[in-house]
Amino acid sequence: MSELKHAWAAGDSTLGLWLTSNSAAVAESVVDLGFDYVNIDMQHGFADYADVVEMMRAMVPAGSSAAASTITCRVPWNEPGIIGRVLDAGAMGVIIPMVNTVEQAERAVAACRYAPEGARSFGPVRAARVNGPDYHPTANERVACIPMIETVEAVGNLDAILDVPGIDAVYVGPADLSLTLGLAPQGDHDDASFNEALTTIVAACNRRGI
């Protein structure tokens with residue numbers, strides 16, 4: 001497992017840093033600050049794929065074969081091509097937006113896993129070098145698949161989504177969740193419907209050890 005998944009398996013909390021910048025220099029400066037993971041945001045941040053590769057390269061300290069923090073990436077959408085590319089570039093976790101149904105959850109997991117557990121195409125051009133010689137046989141176990149739960153529809157389908165094998169964690173998208181509840185797109189609300197949705201998500205994950 002990656003260090004991130006080891007921590008989750010042990011029941012530990014993890015703290016991450018979110019990068020909306022596309023700067024390799026910024027990525028290099030934050031990776032050794034002690035965060036459990038550093039996430040590159042391709043959805044609402046400024047990084048395109050070429051930026052992501054350079055940012056990941058910058059996050060590997062000189063003389064080391066691995067970054068001090070687990071590198072994750074939020075991809076623009078639940079699409080297997082870009083999920084596979086960021087994994088091949090070296091990401092050890094993928095945050096996947098707008099997973100609202102079981103079918104979408106299954107698609108997300110399949111994109112993160114090699115056969116027979118999934119449908120990820122083989123070609124870890126950088127990942128195999130920076131994540132160890134045993135990358136291929138251990139990738140399905142080590143890579144974190146992290147769907148985003150961020151709509152009323154997703155909360156309604158939550159139990160079935162979380163029962164899809166291969167989901168390691170979920171990320172709540174509070175602004176989009178707010179919009180689908182008829183609220184302003186904010187990170188937090190003193191509103192019963194918003195708080196009930198968060199409580200539902202946490203409780204469902206706790207029941208499954210997610």
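**Close-up 1. The buried residues of helix H5 in the predicted model.** In this predicted model, the buried residues of H5 are Ala105, Ala108, Val109, Ala111 and Cys112. Because they cover an arc of only 160° around the axis, they lie on the same side of H5. The elements that cover these buried residues of H5, which spans 102–112, include helix H4, strand E4 (93–96), helix H7, strand E5 and helix H9 (158–162).

**Close-up 2. The buried residues of helix H7 and their cover.** Helix H7, which runs over 135–142, has Tyr135, Thr138, Ala139, Asn140 and Arg142 as its buried residues. Among the elements that cover them are helix H1 (3–9), helix H4 (80–89) and helix H5 (102–112), together with H6 and strand E5 (144–149). H7 is in turn among the elements that cover the buried residues of H5.

**Close-up 3. Asparagine 131 in the loop between helices H6 and H7.** Asparagine 131 is found in the loop that lies between helix H6 (127–130) and helix H7 (135–142). Its relative accessibility is 13%, and because buried means under 20%, asparagine 131 counts as buried. A polar atom of the side chain of asparagine 131 lies 3.3 Å from the backbone oxygen of glycine 90. When its neighbours within four places in sequence are left aside, asparagine 131 is in contact with Gly90, Met92 and Arg142, and Arg142 is itself one of the buried residues of H7.

**Close-up 4. The second largest pocket, with Asn131 among the residues nearest its centre.** The second largest pocket, which has a volume of about 350 Å³, is lined by 21 residues, and those nearest its centre are Ala66, Ala67, Thr70, Met92 and Asn131. The elements that give two or more residues to this lining are H1 and strand E3 (70–74), and H1 provides the largest share, with 3 residues. By class, the residues of the lining of the second largest pocket divide into 10 nonpolar, 7 polar and 4 charged.

**Close-up 5. The largest pocket and its lining.** With a volume of about 670 Å³, the largest pocket is lined by 25 residues, of which Trp8, Asp168, Ala169, Val170 and Ile210 lie nearest its centre. At least two residues of the lining are supplied by each of H1, strand E6 (171–172) and helix H11 (192–208), and H11 gives the most, with 5 residues. The lining of the largest pocket comprises 17 nonpolar, 5 polar and 3 charged residues.

Technical notes. Residues are numbered from 1 along each chain as its sequence is written. This is a predicted model: local features need pLDDT of at least 70, side-chain atom pairs count only at pLDDT 80 or more; totals for chains, interfaces and linings use all residues. Side-chain values use heavy atoms; hydrogens and water are left out. Helices (H or I, at least four residues) and strands (E, at least two) are DSSP runs, numbered from the N terminus. Buried means under 20% relative accessible area, exposed over 50%, partly exposed in between (1.4 Å probe, protein chains only). A polar contact is a pair of N or O atoms within 3.5 Å; within protein, one must be able to donate a hydrogen and the other to accept it, and residues adjacent in sequence count only if both atoms are side-chain atoms. Contact means heavy atoms within 4.5 Å. The arc is that of the directions from the helix axis to the C-beta atoms. On a 1 Å grid over the protein atoms alone, a cavity is a set of points where a 1.4 Å probe fits but cannot get out, and a pocket is an open set with protein on both sides within 12 Å along at least five of seven lines; lining residues have an atom within 4 Å of a point. Grid points are joined across faces, edges and corners, and a volume is the space filled by probe spheres set on the points. Ala, Val, Leu, Ile, Met, Phe, Trp, Tyr, Cys and Pro count as nonpolar, Asp, Glu, Lys and Arg as charged, and the others, Gly among them, as polar.
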